[in-house]
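Notebook open, and today I'm looking up salt bridges. My plan is to go pair by pair and jot down where each partner sits.

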Amino acid sequence: MTSTDTPAPSSVPVGVDPNRASIARVYDAALGGKDNYQIDREIIGQVRQHAPEVQDTAQDNRNWLIRAVRFLVQEARVPQLIDCGSGLPTSENVHQVVARTNRDAKVVYIDNDPVVFAHAQALLDESGSVDTYFAQADIYKPDEVYAHDTIQHHIDLGEPVGLIHSSTMHHYPGEDYAELMAAWIDPLPSGSWVALSHFLDPETPELTALARRMEEIFTNSPMGSGYFRTRAQIRSMMPGLEIIEPQPGMAADVVPCAQWWPDGPKVRPLNQCQQVVGAIVGRKP
């Protein structure tokens with residue numbers, strides 16, 4: 001089965017329908033945002049019954065994204081970023097992080113939810129500080145994304161690219177997730193970077209039980225997706241890449257988002273919800 005044969009949540013955008021849960025709105029609700037409906041909040045409420053600190057899962061992922069963008073632009077010096085499944089604007093957004101790090105870099109957001117598009121257009125109209133664009137496209141169809149006019153006009157595949165998949169691939173239901181990511185990575189030139197975060201099954205009895213219970217709620221909810229995969233499965237989505245160490249002395253592998261180059265020392269142990277969302281970053285040789 002190819003990636004285009006597998007139905008994915010993004011294939012039928014939810015838009016403003018208050019009777020259908022939206023991936024973007026559920027994430028917004030988990031972050032404590034206001035751009036969501038009752039149906040979205042109910043999903044987070046159900047998860048919270050079994051994982052009271054689920055907001056930490058979302059917050060750790062968002063904080064990791066900000067750190068990863070800083071790394072890509074400031075340290076890796078990539079001149080252009082593609083942010084897949086950008087979701088609803090929150091604090092901070094990718095282009096805002098880029099603007100205070102390297103104003104010469106450019107950002108292209110990819111999402112096909114019309115509500116996300118409307119919010120993004122309003123936000124971009126106000127930015128003006130860094131070259132930022134939005135392409136309405138299905139992130140689970142990379143061939144179509146690369147062929148999109150916005151990508152064709154604003155992304156130079158002769159120069160390194162920073163590709164971001166933050167909390168996107170765990171909404172993809174197919175078993176060909178590694179092949180799908182390969183289709184994203186193959187067109188990227190040497191020197192490009194890929195940053196990926198994903199729901200994680202740490203493969204310990206207690207945490208696996210939590211991950212599978214959260215997965216059951218997410219996938220059987222009106223949202224219909226949210227799969228927890230093991231480190232090996234997540235690593236398989238980074239074919240041919242040189243994985244960067246998440247901290248000095250740590251193995252180059254998937255780690256909880258909170259452990260990927262934190263801004264300062266951790267003085268408290270991670271709670272269970274913080275241990276079931278992972279991140280990995282790699283460079284294409």
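Entry 1. I'm working with a predicted model. I began with arginine 212 and aspartate 201, whose side chains meet in a salt bridge, N to O at 2.8 Å. This pair links distant parts of the chain: arginine 212 belongs to helix α9 (residues 205–219), while aspartate 201 is in the loop between β5 (193–199) and α9, 11 residues apart.

Entry 2. Next I asked myself: is aspartate 201 buried or exposed? Aspartate 201 has 5% relative accessibility, so it counts as buried, the cut-off being under 20%. Arginine 212 comes out at 30%, so I put it down as partly exposed.

Entry 3. I then found glutamate 215 forming a salt bridge with arginine 212, with 2.9 Å between the closest N and O atoms. These two are three residues apart in helix α9, so about one helical turn separates them. Glutamate 215 has 17% relative accessibility and therefore counts as buried. Put together, Asp201, Arg212 and Glu215 are linked in a network of salt bridges.

Entry 4. I moved on to arginine 235 and aspartate 253, and their side chains also meet in a salt bridge, at 3.0 Å from N to O. Here too the pair links distant parts of the chain, 18 residues apart: arginine 235 is in helix α10 (residues 231–235), and aspartate 253 is in the loop between β6 (242–243) and β7 (255–256). With a relative accessible area of 37%, arginine 235 is partly exposed.

Entry 5. How many salt bridges does a search of the whole structure find? I noted six.

Note on methods. Residues numbered from 1 in each chain as written. Predicted model: local features only at pLDDT ≥ 70, side-chain atom pairs only at ≥ 80, totals over all residues. Heavy atoms only, no water. Salt bridge = Lys/Arg side-chain N within 4 Å of Asp/Glu carboxyl O. Helix = DSSP H or I, 4+ residues; strand = E, 2+ residues; numbered from the N terminus. Buried < 20%, exposed > 50% of the residue type's maximum accessible area, 1.4 Å probe, protein only.
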